[in-house]
Amino acid sequence: MKSIRVEDAVGSVLCHDITRIIPGESKGPAFKKGHIITEEDIPAFLDLGKEHVFVWEVKEGIIHENEAAERMAIAAAGENIVLMEPSEGKVTLKAKIKGLLKIDVATLNIINETDELMMGTLRNNRLVYKDTIIAGTKIIPLIIDEEKIKRVEDICQKQGPIIRVLPLLPKRTAIIITGNEVYRGRIKDSFTPIVAKKLKKMGCEIFKQTIVDDNVDKIAATVLENLAEGAEMILVTGGMSVDPDDLTPAGIKKAGGTIVTYGTPVLPGAMFMMSYINGIPVLGLPGCVMYSKTTIFDIVLPRILSGEVLQKSDFAQLGHGGLCQKCKTCRFPDCALNTGN
Ligand SMILES: Nc1nc2c(c(=O)[nH]1)N[C@H]1C(S)=C(S)[C@@H](COP(=O)(O)OP(=O)(O)OC[C@H]3O[C@@H](n4cnc5c(N)ncnc54)[C@H](O)[C@@H]3O)O[C@H]1N2
Ligand code: MOO
């Protein structure tokens with residue numbers, strides 16, 4: 001940083017705000033820190049009584065904060081992302097569509113080990129909407145060594161884009177309601193409307209609903225029937241726990257389900273089952289999905305609809321932060337409930 005005459009400062013980066021005060025009217029920055037001084041600015045500086053200013057000289061190998069932040073954002077952004085104009089060394093990234101936010105967290109961590117720059121994002125694997133602000137890149141000083149930005153660009157080039165929004169692809173969904181009490185008409189089914197509402201929010205519809213009693217063979221036969229009818233996702237509700245009439249996991253297994261997990265480190269949702277039959281997701285939804293506002297189902301549904309095939313390790317990563325705080329007004333996914341790493 002050095003002090004120079006304003007006439008000699010064209011092309012340099014202003015290191016401090018310059019305030020304009022119009023008595024009785026206004027007070028505010030006429031020029032902001034980080035401004036690149038132009039020929040036309042000179043009379044305005046002189047009118048403000050500034051004959052000298054503190055500047056950084058832009059020279060080979062050193063770049064301005066705005067350019068640096070923009071280059072980082074361009075390097076990191078993949079599909080369905082829009083970049084805002086750089087300002088004060090920061091670039092904001094927004095979602096172009098409603099979809100699943102994917103962050104390459106390991107690569108993000110490596111980038112953030114570089115001094116003098118930062119990249120911050122929302123949590124991985126969460127649902128975002130068109131125009132949701134999903135990330136920001138920023139430079140800490142006013143100017144930065146270009147090598148640091150090149151390093152970020154090289155990492156992103158090698159690893160692929162590290163911030164993406166994947167579209168949700170609606171699935172033709174069948175729901176199988178289990179439970180003798182519902183089957184025999186002792187109580188009314190409350191699961192279907194709740195699940196249907198959650199599916200609708202994601203652009204999915206239930207094409208078939210079947211109510212079956214607690215019978216392994218019937219559950220298995222209905223799953224197979226739904227598959228034959230072209231189901232692209234099957235949800236089997238209730239009967240997921242430990243009493244003698246809880247037969248849903250056995251029914252899904254009998255239908256040929258390859259079990260990814262029975263049990264997840266998420267509350268509510270501990271008794272959830274994830275399985276696939278010939279690539280079609282078959283989910284066992286425990287009772288909590290019906291009575292709790294947010295559960296494991298809300299965490300996994302957007303991931304499934306993005307086309308992701310979930311593994312046991314995806315579920316294992318949900319444990320840290322896997323405890324819903326049951327806030328009076330649910331703000332999920334704008335809360336600490338984990339959506340996966
Ligand atoms: N001793 C234990 N008890 C419970 C455990 C456990 O591990 N040990 N787990 C708890 C957890 S966690 C959950 S979640 C619940 C529910 O598990 P299920 O999926 O087996 O639910 P059900 O027993 O079938 O039903 C519970 C409750 O909800 C009513 N229900 C079920 N389906 C419908 C429907 N479609 N419409 C209306 N109501 C429905 C059902 O009648 C029961 O009252 O288990 C905990 N207990
Ligand atoms: O599957 Mo149960 O929440 O843990 O409610």
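Which residue in S12 does Val-91 stand opposite? In this predicted model, local features require pLDDT of at least 70 and side-chain atom pairs pLDDT 80 or more, whereas totals for chains, interfaces and linings use all residues. Residues are numbered from 1 along each chain as its sequence is written, and chains are lettered from A and ligands numbered from 1 in the order in which they are written.

Val-91 stands opposite Thr-137. Strand S8 (residues 90–95) and strand S12 (residues 133–139) run antiparallel and are joined by five bridges; strands are DSSP runs of E, at least two residues long, and helices runs of H or I of at least four, numbered from the N terminus. Pairing requires at least two DSSP bridges between two strands. An open antiparallel sheet of four strands has the order S7-S8-S12-S10. Helix H2 (residues 65–76) lies across S7, S8, S10 and S12, at about 140 degrees to S12; axes are lines fitted to C-alpha atoms, for helices over the stretch in contact, with angles from 0 to 180 degrees between N-to-C directions.

The protein chain is divided into domain 1 (2–56), domain 2 (62–167) and domain 3 (173–316), with bounds from an automatic or database domain assignment. The contact between domain 1 and domain 2 takes six residues from each, contact meaning C-beta atoms, placed from the backbone, within 7 Å. The C-alpha centres of domain 1 and domain 2 lie 30 Å apart.

Terms used
Two residues are in contact if their C-beta atoms, placed from the backbone, lie within 7 Å.
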